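Subject: Model handover

Hello,

My notes follow below it.

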Amino acid sequence: MKVTYIAHSGFLVEWERFYTLFDFWKGELPSLGDKPLLVFASHSHQDHFDPRIFKLLKEYPDVSFYLSHDIRLATRHWEKLGVTDEVYAHVTHLRVDSVLATEVAGEPLTIRTIQSTDAGVAFLLSAEGKLVYHAGDLNWWHWVEEDKQFRNNMSANFRRAMEKLAAAVRDEAADAGCPPVIAAAMAPLDPRLEDAYGMGVEQLMKCVEVERLFPMHMWDKYDWIDRYRGEHPAEAARIVRIRQNGETFTL
């Protein structure tokens, strides 16, 4: 499996039989081989979803789009975005806390969604005996300027989401006959949260076993990855040191 960091929260994951592309809105997409392409958008925020992704259909005919339910609500006029009926036939909308069992290139694929603490959903994918997680904006958003009630609700909602993720990992691993381990997890490490920047990643790593954690949503401030690794030496080997857009990592 190969993971390419595109930009911000955008990642391309190359599986044995297909590709998955998450939250692609800027950066350069590398050349793809002759495999199906599955494009995911976690929610409608402009730094996670750009309607231009539908132009990928011209270059890659074997492409499918999996969009969070809120994108359907936020984008009422598909024709203005160049989304024809032909393009829309490739689109699947996913609701909160849903499970979709499908198949790609003859390989069973399960897509689970978990409600975000901000907008839309996070994705947990199970295929080829591996689990991959993309958080979207599911994070422990501990904003110091918010009141105590907001911060308490955020804490409770995020912990509840991590419990759901842990249960989903166990269920998918049992169904696939593989260890309950996420091979690649992509989650926010946002410097705007200041000293609370790593609370979400820390709780994620406590709730589920992760082989490689890819920080995202860092606004190009990659030095915060080193800060987190330094503050969490026991986890440092599993935290990927991203340095620039377009880097590819082989797992």
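The search gives 1 cavity of 30 Å³ or more. A cavity here is a set of points on a 1 Å grid over the protein atoms alone, where a 1.4 Å probe fits but cannot get out. Grid points are joined across faces, edges and corners, and a volume is the space filled by probe spheres set on the points. The largest cavity holds about 40 Å³ of space.

Before more detail, the ground rules. This is a predicted model, where local features need pLDDT of at least 70 and side-chain atom pairs count only at pLDDT 80 or more, while totals for chains, interfaces and linings use all residues. Residues are numbered from 1 along each chain as its sequence is written, and side-chain values use heavy atoms, with hydrogens and water left out.

Which residues line the largest cavity? They are Y133, A135, L138, N139, F158, M162, A187, P188, G200, V201 and L204. A lining residue has an atom within 4 Å of a point. Two or more lining residues come from each of α4, β11 and α5 (199–207). Helices (H or I, at least four residues) and strands (E, at least two) are DSSP runs, numbered from the N terminus. The largest share of the lining, 3 residues, belongs to α5. By type, the lining has 9 nonpolar residues, 2 polar and no charged. Nonpolar means Ala, Val, Leu, Ile, Met, Phe, Trp, Tyr, Cys and Pro; charged means Asp, Glu, Lys and Arg; the others, Gly among them, are polar.

**Around α5 and α4**

In α5, the buried residues are G200, V201, Q203, L204 and M205. Buried means under 20% relative accessible area, exposed over 50%, and partly exposed in between (1.4 Å probe, protein chains only). The buried residues of α5 pack against β10, α4, β11, β12 and α6 (223–231). Contact means heavy atoms within 4.5 Å.

Helix α4 (148–176) lies across β8, β9, β10 (130–134) and β11 (181–188). Its direction is at about 165° to β8. Axes are lines fitted to C-alpha atoms, for helices over the stretch in contact, and angles run from 0 to 180 degrees between N-to-C directions.

G177 sits in the loop between α4 and β11. Is G177 buried or exposed? G177 counts as exposed because its relative accessibility is 68%.

**The six-strand sheet**

An open sheet of 6 strands has the order β7-β8-β9-β10-β11-β12, with mixed pairing. Two strands pair if DSSP finds at least two bridges between them. The edge strands are β7 (99–104) and β12 (209–216), and each pairs on one side only. Neighbouring strands in this sheet are turned by 20° against each other on average, direction ignored.

Strands β8 (107–115) and β9 (121–127) pair antiparallel over 6 bridges. T113 has F123 in β9 as its bridge partner.

**The seven-strand sheet**

Another open sheet has 7 strands in the order β6-β5-β4-β3-β2-β1-β13, and its pairing is mixed. β6 (91–94) and β13 (248–250) are at the edges with a single partner strand each, so one side of each has no neighbour in the sheet. The twist averages 20° from one strand to the next.

Strand β2 (10–14) and β3 form a hairpin with 4 residues between them. The two run antiparallel, joined by 4 bridges. F11 has F22 as its bridge partner in β3.

β3 and β4 run parallel, also with 4 bridges. T20 pairs with L38 in β4, and L21 stands opposite V39.

β4 (37–41) and β5 (63–68) are parallel too, over 5 bridges. In β5, S64 is opposite L38 and V63 is opposite L37.

How are the side chains placed on these strands? In a regular strand they alternate between the two faces of the sheet. Strand β3 (19–22) is covered on both faces: Y19 and L21 on one side, T20 and F22 on the other, all buried. In β4, 5 of its 5 residues are buried. L37, V39 and A41 point one way from β4, and L38 and F40 point the other way.

Best regards

Conventions
On a 1 Å grid over the protein atoms alone, a cavity is a set of points where a 1.4 Å probe fits but cannot get out, and a pocket is an open set with protein on both sides within 12 Å along at least five of seven lines; lining residues have an atom within 4 Å of a point.
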